[in-house]
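Reader: I would like to go through this model and ask what stands behind the words used for it. Please set each value against its cut-off.

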Amino acid sequence: HGIHVIHTHHQAMQTFIASVVKTYHIDDVVHVGTSHGMYENFDDHILSHIFRQCEGGVDYWTYVADKNLAPFQRHNFYNPKLFFKVPNGMKAPIIHHIPRSELGIGEDVFVFCLISRAIPQKGWMQAIQAVGEARRECGRDIHLVLVGDGPVYEELKSSPQQDYVHLMGHRDNPCDYYALSDACLLPSYYKSESAPLTIIEAFQCGIPVIATALGEIENMLTIDGELAGSIFPLQNETVPLSTLTQHIIHMVTDSQWYSECVDRAKRKGREFDIQVIAE
């Protein structure tokens, strides 16, 4: 088929392609492997086995977050001449306006949106609890739009939810939901979190982000030394609810700071344009 470069994004594919090019002595194909954070999930015994399989079968590596290098460095598999950091980027979205009224949300409501796989580690349950507590503490009408599918979505849709929670399930147009929102939430405690595309989508829709300080997230939010939103650390490898609640209240009640975050988010969105990344 005239293939000269193979670019893989998953450990299983990286070891498979490495074994093929070594077994069949394919010398005229360059194999580029990208780490998105998966290797951080393996224990050292498994990593030793994986790296033995990859050795001599991956010509270059790219990675999206500095923390992605840790497993490679720990096993003496890292070579600075072969590893390159390439940030995630996306094509600017075409927004199709969704009226808030379709979701039963008023125009004066402050809307947070969380778009991710609906697995426990992405913090859906914590987001629901924190928004509920923020509503009680500050007396503002705050809503939460949840987009994505998975086990947590299935659990939530099987029981009645508070009026401020909107379960959308899987959607092919996530940016349209960010566009109707005021801010993005990502209270993730997912171990492999590296450089979430959902944050890029939020910025490209011009809204700030509240997120946990995992992987490359702090760098993704930073522009001119300031954050396009706010971040907070995990406690005991999970989301501190009281901290998340206070970050939500701050964004809802401090209109001047929020406006500054919106401006930074719009500028960060331009940084992540795929053409800028490619150049």
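**Contacts, cores and cover**

Author: The model is predicted. A place to begin is Val145, which touches Leu103, Ile105, Val111, Phe112, Cys113, Leu114, His166, Met168 and Tyr177, leaving aside residues up to four places away in sequence.

Reader: What makes these count as touching Val145?

Author: Contact means heavy atoms within 4.5 Å. Leu103 and Tyr177 are among the residues that touch Val145.

Reader: Which residues touch the most other members of the largest nonpolar core?

Author: Val145 and Tyr177 do, in a core of 36 residues. Two or more residues each come from strand 5 (110-115), strand 6 (142-147), helix 6 (174-179), strand 8 (183-186), helix 7 (197-204), strand 9 (209-212) and helix 8 (217-221). Helix 7 gives the most, with four residues. A second, separate core has 32 residues, including Phe110, Tyr164, Val165 and Val239.

Reader: Why is such a set called a nonpolar core?

Author: The name applies because the members are buried residues of the nonpolar kinds, joined through side-chain atoms within 4.5 Å. In soluble globular proteins, nonpolar side chains tend to be buried together.

Reader: How do you know that helix 7 is mostly covered?

Author: Seven of its eight residues are buried. Buried means under 20% relative accessible area, and Thr198, Ile199, Ile200, Glu201, Ala202, Phe203 and Gln204 are the buried ones in helix 7. Their cover includes strand 5, helix 6, strand 8, strand 9, helix 8 and helix 10 (255-271).

Reader: What follows helix 7?

Author: Gly206, with a positive phi near 80°.

Reader: Why is Gln246 called partly exposed?

Author: Its relative accessibility is 43%. Buried would need a value under 20% and exposed a value over 50%, so at 43% Gln246 counts as partly exposed. Gln246 lies in helix 9 (residues 241-253). The C-alpha atoms of Gln246 and Cys138 are 9.8 Å apart, although 108 residues separate the two along the chain.

Reader: What is the phi of Asn76, and what is that of Asn236?

Author: Asn76 has a positive phi of about 55° although it is not a glycine. Asn236 also has a positive phi of about 55° and is not a glycine. Most residues other than glycine have a negative phi.

Reader: Where is Asn76, and why is Asn76 called exposed?

Author: Asn76 sits in the loop between helix 3 (70-74) and strand 4 (83-85). Its relative accessible area is 72%, and exposed means over 50%, so the word applies to Asn76.

Reader: Where is Asn236, and why does Asn236 count as exposed?

Author: Asn236 is in the loop between strand 12 (229-232) and helix 9. At 80% relative accessibility Asn236 is over the 50% cut-off, so Asn236 counts as exposed.

Reader: How do you know whether the radius of gyration of the protein chain agrees or disagrees with a compact globule?

Author: For 279 residues a compact globule would have a radius of gyration near 19 Å; the protein chain has 21 Å, which agrees. Along its principal axes the C-alpha trace spans about 65 × 35 × 35 Å. The protein chain has 11 helices and 12 strands, and 49% of its residues count as buried.

Methods:
Residues are numbered from 1 along each chain as its sequence is written. This is a predicted model: local features need pLDDT of at least 70, side-chain atom pairs count only at pLDDT 80 or more; totals for chains, interfaces and linings use all residues. Side-chain values use heavy atoms; hydrogens and water are left out. Buried means under 20% relative accessible area, exposed over 50%, partly exposed in between (1.4 Å probe, protein chains only). The radius of gyration is taken over C-alpha atoms; the globule rule is 2.2 Å times the number of residues to the power 0.38.
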